[in-house]
Amino acid sequence: MKQNQASTTAAGIALARAIESAKPAGERICYDPFARRFISGAFYHFGKFFVDIGYSEWKGPGVIGFLVARVRYLDDYMQSCLDNGLEQLVILGAGYDSRAYRLEKLIAGPVRVFEVDHPATQQVKREQLQKILGRLPEHVIYVPIDFTLETLENRLSDSGYDPQAKTLFTWEGVTQYLTPDAVDSTLAFVAGHSGPGSAIIFDYMYTSLLDGTVTRGEVSNMRRYRRFTGEGLVFGIPEGTVAAFLEQRGFCQVRNVDADWLKKTYFTGVNERRQVAAGYAIVSATVKTRTHEEKVEGQGT
Ligand SMILES: C[S@@+](CC[C@H](N)C(=O)[O-])C[C@H]1O[C@@H](n2cnc3c(N)ncnc32)[C@H](O)[C@@H]1O
C-alpha cells in the first residue's frame, strides 16, 4: 500500500456494500447502512452508474456477487460466534467495516473490538466515524499497522489485547495484497496468541488467478491500476489446498466455501440469475489447542 494514501480498494468495497444495501429488503444479499456514509456522494453515483450500465459485471463477472455474499457470510459467521461466548474480536485490515457499529451484540458489549488497519486508511475512517457518530465508540480500539513492516504481536499487545480470551479474527478482502511472509506471521500470531476456542475467517484468491492459468478482467484491471492504488495482487492459495495450508499453521476444523456454495446458498428468487465469481473462496478455522510443551516452545516467537 502507499504510505500516505487510504486504501482505494476499501472504498470500492464500501461502494459495493452501499449499492447492495440500497435495494429493498427482500432483494439484497447483505445490509450495511453505514457503507454509504463512508464514501462521498460523487464516488457513490459514479460507481453506481458503472454498475447500472453493466460495465462492472462485464469487466468482472460475479465480482460484486462474491463481495456482497462475503459480507453476508462473515456477518452470519460473526453472529454465531457472538451467540457462542465470543470475548474479543480483531478485525484485520478493517477498511470501512461497520460491524462494530451495526451489530447489536457488539454495540451492547462486553466484547472488545480491535480494528487493525493501515494507518492511512484508519485515519480516514476515524475522521468519517467522528462525523457519523459524533465520537469514537469506547468498545472499539483502533490499532494502526503496516502488516508488511510490523508484527501484530507488538501492535496488539501494546493496545490491551488479551491473549487468553476467546477471540475471532476476521480478515476480509486483505490476504491477496500481502506477502506470503506477512500472511504467515499473522496466522502464527493468531495460532499462538489467542485463547481456547478462538477462530479466524478470511477470504483468498486461488493462485490460478495470480499465475495467469485463469484470466479474469478484474484481475487485469487491478494489475493495470496498481500504480495508482498501490495495492497489488500478491498472495493466493491453490484451489483445494487450504485445509492442509491451515492445518500446517496450527488450525483445525477448517471450513471452506466457494463460489458455487455462495451462489446456491444466497442467490435465490430475484437474485437467481446473478453470478458469483469463481477463483475466490472464504475459509474459517479454529485455533488448535496447544499442549503445555508447545506453548513453552512457542514463547518468545
Ligand atoms: C479491500 S480492503 C478491505 C477492507 C475491509 N476489510 C472490507 O472488507 O471492506 C483492504 C484493506 O486492507 C488494508 N491493507 C492492505 N495492505 C495492508 C498492509 N500492508 N497493512 C495494513 N493494512 C493493509 C487496507 O488498508 C484496506 O483497509
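Gln176 lies in the loop that runs between strand S4 (167-171) and helix H10 (180-192), where helices (H or I, at least four residues) and strands (E, at least two) are DSSP runs numbered from the N terminus. At 7% relative accessibility Gln176 counts as buried, the term buried meaning under 20% relative accessible area, exposed over 50%, and partly exposed in between (1.4 Å probe, protein chains only). When its neighbours within four places in sequence are left aside, Gln176 is in contact with Asp203, Met205, Gly232, Leu233, Val234 and Phe235, contact being defined as heavy atoms within 4.5 Å.

This is a predicted model, in which local features need pLDDT of at least 70 and side-chain atom pairs count only at pLDDT 80 or more, whereas totals for chains, interfaces and linings use all residues. Residues are numbered from 1 along each chain as its sequence is written, and side-chain values use heavy atoms, with hydrogens and water left out.

**The chain as a whole**

The secondary structure of the chain comes to 16 helices and 7 strands. The radius of gyration of the chain is 19 Å, close to the 19 Å that the globule rule gives for 301 residues, so the chain is as compact as a globular protein of that length; the radius is taken over C-alpha atoms, and the rule is 2.2 Å times the number of residues to the power 0.38. Along its principal axes the C-alpha trace spans about 60 × 50 × 40 Å, and 52% of the 301 residues count as buried. Among contacts between residues at least 6 apart in sequence, 78% join residues at least 24 apart.

The accessible surface of the chain comes to about 14,100 Å², of which 53% belongs to carbon and sulfur atoms, as computed by the Shrake-Rupley method with a 1.4 Å probe. The chain has 34 positive and 35 negative side chains, with the centres of the two sets 6 Å apart; in this count Lys and Arg are positive and Asp and Glu negative, while His and the chain ends are not counted, and the place of a charge is taken as NZ of Lys, CZ of Arg, CG of Asp or CD of Glu.

Gly65 has its place in H5 (residues 63-83) and is buried, with a relative accessible area of 3%. Apart from neighbours within four places in sequence, Gly65 is in contact with Phe267, Gln275 and Val276, and its C-alpha atom is separated by 7.0 Å from that of Ala277, 212 residues apart along the chain.

Val276 itself lies in the loop between helix H15 (259-266) and strand S7 (280-287), and is buried at a relative accessible area of 12%. The C-alpha atoms of Val276 and Phe66 are separated by 5.0 Å, although the two residues are 210 apart along the chain. With neighbours within four places again left aside, the contacts of Val276 include Gly62, Gly65 and Phe66 as well as Ala259, Leu262, Lys263 and Phe267.

**Helix spans and the glycines that follow**

The expected span of a helix is 1.5 Å times one less than its number of residues.

| Helix | Number of residues | Span between end C-alpha atoms | Expected span |
|---|---|---|---|
| H8 (residues 119-133) | 15 residues | 20 Å | 21 Å |

H3 is followed by Gly54, whose phi is positive, near 90 degrees. Just after H5, Gly85 takes a positive phi of about 80 degrees, and just after H8, Gly134 takes a positive phi of about 85 degrees.

The buried residues of H8 are Ala120, Thr121, Gln122, Lys125, Gln128, Leu129 and Ile132. What covers these buried residues includes helix H1 (8-21), helix H2 (35-38), helix H6 (99-102), strand S2 (112-117) and strand S3 (140-144).

**Backbone details**

The peptide bond from Gly109 to Pro110 is cis, with omega near 5 degrees, and Pro110 is found in the loop between helix H7 (104-107) and S2. Gln253, in strand S6 (residues 251-258), has a phi near 45 degrees, a positive value in a residue other than glycine. Gln253 is exposed, with a relative accessible area of 61%.
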